[in-house]
Amino acid sequence: MNNERDQAIYDLVVEYESNSKRGLEVFLSEKSYQQLIDYYEEEGQLDRALEVAGHAIHHHNYTIDFYLRKAHLLIDTHHEQDALETLDQAALFAPREIEIDLLRAEAFIYMDRIDEALALLEDRKINVSKETLSDILLVEAMAHEHQEEYELMFYTLSRALRENHSNEEALERVWLAVELSKKYEESIKLHDYILDIDPYSYLSWYNLGHAHAYLGNYQEAVDAYEFAFVINERFEYAYRDCAELCFEMKRYRKALKCYQEILELFEPDSELLLRIGQCYREMGNYIDARKYFHRAIQLDPLNDEVHFHIGECYADEGKWKQAVRSFRKALSIENSREEYYAALAEAFFHTNEWEKASPLYRAAVDIAPEDIRYWLRYIAFLLATEAYREALNCTEEAEDYELGVEILYARIAVLFSMGRRKEAFYWLGEALAEDYDQHRVVFDLAPELEQDSALLSMIASYRL
């Protein structure tokens, strides 16, 4: 049935555009004009939608809905004065139509005539239904948003939803208000209230999931997202947010299940296939991981992240030459990511091409000097290749970025490796007193020191 309807709309669009090219203006039914406007709006062709709305008014000039559609489109395209003139025309036929005043207030808001907008909305609150009051409050919330009064925006939308919990646009906008006002706990109370009345409100479950996620209630968030897409199986955002949260929680099987459902229900994209590949990689299934990574590349050959993750798969398997090729490809597409330089350097280290590795490690720390991880990886490489003086220089340079005690432990590892034990023991006492728990850095950088009894004895003396 949907296919038949879609085909009919497609035929209508083709016929309309054919007549338009030939300069013919054909009379169409109200329904056909509505379908054309809907089609062009969904496609983002707002100028074309406006053109159709103009023709619709010309042929059905007593139909208020076409004036409203045109005014709405004019506001969306930042032609507020034209929208007001169109609404004045509509008011001639329906002077008390609430939608006219709602759109007029919206135009005032975007023209920075906030006081006029709020006064108009206040006048229309008298003797109206709860549903209409909810719509009025929705526009009022837009005024508060425009003035960056985000708490007022949230509370106004909350009131709108308490007047009419089925107000879909208010449900869609309230999450933005929550994010801007940080009213996460209040959001939970609001959506719990709505769900007590209507447990099948998928948008309420979705918003509830967001609030729980931001408060760190991750299992509650996952459960809420699941309710959202079980109620509305075409609600793609809920699947994606649930999957992303599970991925961040390292629940890769659960994340994979969500991603696979998205793949079955919606058009795949490169990012989705990348995420599926990452799940398989985290689960140690490198063959399936690479299969999905390669599918992602087919959709977007210039997705540098996909090439990088293919390289990581090869690195995990110890296939360093293949890893080099993939990391090089990622860098050829995007040359400002420090992790790409460090990964390629690591691969060259394992293929014993040390002269190629060194400048790549250097590039990583130059791009992200505030990230201790890349300094430590560079120092570990320099120690492994017995470039002790360079390693010591690195620790001194890194200290300028105030990276904490870890870099002091790195310096200690270098000093021990250089045989400067007295100096190393002095700094070891300072480091252990400052942060005992980070002492593993010494052994990560110079594993042979785990056999040094004097060093182990001093560390043990600080344990308590």
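**View 1. Contacts between helices H2 and H4 in a predicted model.** Glu30, Tyr33, Gln34, Ile37, Asp38 and Glu41 of H2 meet Asp65, Phe66, Arg69, Leu73 and Asp76 of H4. Contact means heavy atoms within 4.5 Å. Helices are DSSP runs (H or I, at least four residues), numbered from the N terminus. The model is predicted: local features need pLDDT of at least 70, side-chain atom pairs count only at pLDDT 80 or more, and totals for chains, interfaces and linings use all residues. Residues are numbered from 1 along each chain as its sequence is written, and side-chain values use heavy atoms, without hydrogens and water.

**View 2. Packing geometry of H2 and H4.** The two axes, fitted to C-alpha atoms over the stretch in contact, come within 11 Å and cross at roughly 15 degrees. H2 is therefore roughly parallel to H4 (angles under 35 degrees, on a scale from 0 to 180 degrees between N-to-C directions).

**View 3. Helix H2 and its end.** H2 covers residues 30-42, 13 residues in total. From first C-alpha to last it reaches 18 Å, close to the 18 Å expected at 1.5 Å a residue (1.5 Å times one less than the number of residues). Ser32, Tyr33, Gln34, Leu36, Ile37 and Tyr40 are buried (under 20% relative accessible area, 1.4 Å probe, protein chains only). Gly44 follows H2, with a positive phi near 80 degrees.

**View 4. The largest nonpolar core.** This core has 165 residues (buried Ala, Val, Leu, Ile, Met, Phe, Trp, Tyr and Cys joined through side-chain atoms within 4.5 Å). Tyr259, Ile379 and Tyr409 have the most contacts inside it. Helix H24 (residues 405-417) gives the most to this core, 10 residues.

Methods:
Helix = DSSP H or I, 4+ residues; strand = E, 2+ residues; numbered from the N terminus. Buried < 20%, exposed > 50% of the residue type's maximum accessible area, 1.4 Å probe, protein only. Parallel < 35°, antiparallel > 145°, perpendicular 65-115°, else oblique.
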